[in-house]
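Student: Hi! I have a new model open and would like to walk through it with you. Could you start me off with whatever term I need for the sheet?

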Amino acid sequence: YHGLFNHGATCYLNSVLQVLFMTEEFREAVIRLIFYSSSKEYIDHHLKKLFKELLQRTANTKNILKALEVNYGLKLQVLPVTEQQDAAEYFEKILRKTSENAAKHGVSLCVFKIFRGRLSHKITCLKCQTPTDSEGPFWLLPLELEDSPDGNYSVENGIKMFFTSTIFDGDNQLYCEICDDKVDATRKYVITHHPDVLLLMLKRFDFSYQFMSYIKINCKADIPHTIEIPEIPPLSLIFLLVDQNQMYELYAVVEHFGDLRGGHYDAVIKSKDEGDEWFVFNDSSVTQLGVNPFPDNVNVTQSIGAYLLFYRRK
């Protein structure tokens with residue numbers, strides 16, 4: 001494998017581009033692309049050129065940086081390459097700027113099928129019992145990350161908390177149109193469509209009301225190799241009370257080391273082409289991890305830098 005040149009502080013972009021390149025179904029769809037979008041809104045042709053270059057040598061992201069309005073600071077409307085950005089934000093920007101054609105032609109896969117799911121947001125008034133459902137697409141699931149002096153943060157517990165009903169009462173009551181009043185209520189999230197690749201974001205960058213500023217949370221996290229995500233069972237199973245869970249397996253981690261204003265990103269990715277070996281993609285350097293983070297019968301590994309976790313649907 002080959003790396004990507006760093007143009008100043010563009011490791012945030014390099015790390016997510018390598019994850020996209022190592023997601024085989026997406027890479028093949030882009031490389032086989034024949035018909036490009038004529039709109040400047042999309043970056044299909046830049047991705048194809050970059051991926052083909054990555055197959056042969058260390059590649060240059062200059063054109064993609066320009067398309068994403070990241071440049072050398074010569075124009076006021078673009079961001080300088082020397083200023084670090086959020087890897088999660090730019091992963092989503094890349095996907096939004098990839099037209100559906102980039103994944104339709106050649107392998108009949110759509111970028112929305114691979115990376116985008118749908119999430120139901122259900123609020124129930126506890127006074128009149130009226131449920132209110134809203135549903136929309138998502139690119140990632142954010143997991144609240146709290147610095148725990150007594151132990152590591154558990155991703156599995158974070159997933160359980162995300163899908164557990166939240167009660168709003170006291171000062172946090174919600175307005176109910178039926179009752180025309182603020183009432184106690186519950187909120188629950190349910191995935192109605194599972195993406196092929198599920199992205200979990202550990203919220204290491206968060207606002208602290210104690211310090212009244214944004215901080216980075218550097219606690220260790222327990223990262224599971226496989227996870228189970230609740231899903232809505234088919235109608236035929238609802239009345240049988242059969243639990244349905246979608247299994248996912250970890251294949252990539254984007255890490256961040258350093259503080260809030262700077263630091264460095266890299267990506268640790270498992271390769272299907274190399275017998276499930278793990279590689280570290282650190283800008284222009286690509287090396288084998290050298291060890292299996294999940295040896296036999298071990299489902300959890302620890303990380304102090306894990307920020308974005310990519311899981312492939314089993």
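Tutor: Happy to! Two strands count as paired if DSSP finds at least two bridges between them. Keep in mind that this is a predicted model.

Student: Good. In what order do the four strands of the open sheet come?

Tutor: The order is β4-β3-β10-β7, and the pairing is antiparallel.

Student: And which ones are the edge strands?

Tutor: Those are β4, residues 131–138, and β7, residues 166–168; each of them pairs on one side only. On average, neighbouring strands of this sheet are turned by 25° against each other, ignoring direction.

Student: Let's stay with β7. How many bridges does β7 share with β10?

Tutor: Three bridges, in the antiparallel sense, with β10 covering residues 185–193.

Student: Nice. Switching to the inside: which residues of the largest nonpolar core touch the most other members?

Tutor: That core has 48 residues, and L13, F115, L308 and F310 touch the most other members. Helix α1, residues 11–22, gives the most to this core, with nine residues.

Student: What is L308 in contact with, leaving aside neighbours within four places in sequence?

Tutor: Its partners come from several parts of the sequence: V16, A87, A88, L199, L200, M201, A252, V253 and V254. Apart from that core lies another one of 30 residues, including L141, F163, L200 and C219.

Student: Back to α1. At what angle do α1 and α2 pack?

Tutor: At about 85°, with the axes 5 Å apart; α2 spans residues 24–31. Angles from 65 to 115 degrees count as roughly perpendicular, so α1 is roughly perpendicular to α2.

Student: Which residues meet there?

Tutor: On the α1 side L20, F21 and M22, and on the α2 side E24, F26 and R27. Sorted by type, the contact of α1 with α2 has four nonpolar residues, no polar ones and two charged.

Student: One more, L143. Is L143 buried or exposed?

Tutor: L143 counts as buried, because its relative accessibility is 1% and the cut-off for buried is under 20%. L143 sits in strand β5, residues 141–143.

Student: What does L143 touch beyond four places in sequence?

Tutor: Its contacts include Y153, V155, I159, F162, L200 and L202. Take F162: L143 and F162 are 19 residues apart in sequence, yet their C-alpha atoms are 6.9 Å apart in space.

Technical notes. Residues are numbered from 1 along each chain as its sequence is written. This is a predicted model: local features need pLDDT of at least 70, side-chain atom pairs count only at pLDDT 80 or more; totals for chains, interfaces and linings use all residues. Side-chain values use heavy atoms; hydrogens and water are left out. Helices (H or I, at least four residues) and strands (E, at least two) are DSSP runs, numbered from the N terminus. Axes are lines fitted to C-alpha atoms, for helices over the stretch in contact, and angles run from 0 to 180 degrees between N-to-C directions. A nonpolar core is a set of buried Ala, Val, Leu, Ile, Met, Phe, Trp, Tyr and Cys residues joined through side-chain atoms within 4.5 Å. Buried means under 20% relative accessible area, exposed over 50%, partly exposed in between (1.4 Å probe, protein chains only). Contact means heavy atoms within 4.5 Å. Angles under 35 degrees count as roughly parallel, over 145 as roughly antiparallel, 65 to 115 as roughly perpendicular and the rest as oblique. Ala, Val, Leu, Ile, Met, Phe, Trp, Tyr, Cys and Pro count as nonpolar, Asp, Glu, Lys and Arg as charged, and the others, Gly among them, as polar.
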